[in-house]
Amino acid sequence: MTDIAPVDDGSKLCVACGICCDGILFSSVTITDPSEAERVRALRIPVHVVDERHFFDQPCSALGDNGCSIYTERPLLCHAYRCLLLKQVDAGTMPLANALRIVEAARRREVEIRALMNQDVATDGTPLVQLYRQFQLDNHDRLDAPESRELIKRFEHHQAELAEHFEPSMIKA
Ligand code: SF4
Ligand code: SF4
């Protein structure tokens, strides 16, 4: 008998995923409790306040190469958050391998759409949803052009897939 706790499939999924931390799923995280906002600041995550809304940006500054660098002390919201995919894996209704393929597909779409905007996730961490809003502003008179239509089609498909597999209430562009 070992005293090392087994790593369940849900934990394996989150370690391999992280898209609720890196800006793919959310562009910011709202903190509703002011005392929690102070705790998050103390963890050296910059907290912004706009119109009395406390939030921190994504990609999260606490996200490192091996996942959350403050995992045991992470904000309560992070601790509580469970996307649809994780719930399915934990419930045994989605095999881990299938869930990992869904994560990979989301990352692939993200890279492809950024490439259409001439943006590289390695050099620009701005969340895609913000880049897309800027694209719409910059190209308001060219949205009917074939290349714009292709980008719009792919972005909307990506958002729909994220909503279906991860977060139905995610912010739409
Ligand atoms: S998006 Fe879901 S599966 Fe991915 S890290 Fe967040 S909770 Fe885990
Ligand atoms: S604090 Fe950790 S779990 Fe929360 S968003 Fe940042 S990296 Fe993710």
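Predicted model: local features only at pLDDT ≥ 70, side-chain atom pairs only at ≥ 80, totals over all residues.
Residues are numbered from 1 along each chain as its sequence is written, and chains are lettered from A and ligands numbered from 1 in the order in which they are written.

View 1. Helices (H or I, at least four residues) and strands (E, at least two) are DSSP runs, numbered from the N terminus. Read from the N terminus on, the elements follow the order α-β-α-β-β-β-β-α-α-α-α-α. Taken along the principal axes, the box that the C-alpha atoms fill is roughly 65 × 40 × 30 Å.

View 2. A residue is counted as near a molecule if its C-beta atom, placed from the backbone, lies within 6 Å of it.

**View 3. Helices H1 and H4 cross with right-handed geometry.** The axes of H1 and H4 come within 8 Å and cross at roughly 150°; such axes are lines fitted to C-alpha atoms, for helices over the stretch in contact, and angles run from 0 to 180 degrees between N-to-C directions. H1 and H4 are therefore roughly antiparallel to each other, since angles under 35 degrees count as roughly parallel, over 145 as roughly antiparallel, 65 to 115 as roughly perpendicular and the rest as oblique. A crossing is called right-handed if the near helix is turned clockwise from the far one by less than a right angle, and left-handed if anticlockwise. Asp-9, Gly-10, Leu-13 and Cys-14 of H1 meet Leu-85, Leu-86, Val-89 and Asp-90 of H4, two residues being in contact if their C-beta atoms, placed from the backbone, lie within 7 Å. By class, this contact of H1 with H4 has five nonpolar, one polar and two charged residues.

**View 4. Ligand 2 has a shell with eight nonpolar residues, no polar residues and one charged residue.** The residues around ligand 2 are Cys-21, Cys-60, Ala-62, Leu-63, Cys-68, Ile-70, Arg-74, Pro-75 and Cys-78.

**View 5. Three strands form an open, antiparallel sheet in the order S1-S3-S2.** Strand S1 (28-31) and strand S2 (48-50) are the edge strands, each pairing on one side only, and the twist averages 40° from one strand to the next. Two strands are taken to pair if DSSP finds at least two bridges between them. S1 is joined by four bridges to strand S3 (residues 53-57), with the two running antiparallel; Ser-28 has Asp-57 as its bridge partner in S3, and Ile-31 stands opposite His-54 in S3. S2 is joined to S3 by three bridges, again antiparallel, and the bridge partner of His-48 in S3 is Phe-55.

View 6. Most residues other than glycine have a negative phi, and most peptide bonds are trans. In the hairpin of S2 and S3, which has two residues between the strands, Asp-51 takes a positive phi near 50°, although Asp-51 is not a glycine.

**View 7. Helices H5 and H7 pack with a left-handed crossing.** Helix H5 (residues 96-116) and helix H7 (residues 146-165) pack at an angle of about 155°, and their axes are 10 Å apart. H5 and H7 are therefore roughly antiparallel to each other. Residues making the contact include Ile-102, Ala-106, Arg-109 and Glu-110 of H5 and Glu-150, Leu-151, Arg-154 and Phe-155 of H7. By class, the contact of H5 with H7 has seven nonpolar, two polar and six charged residues.

Definitions and conventions. Nonpolar A, V, L, I, M, F, W, Y, C, P; charged D, E, K, R; others polar.
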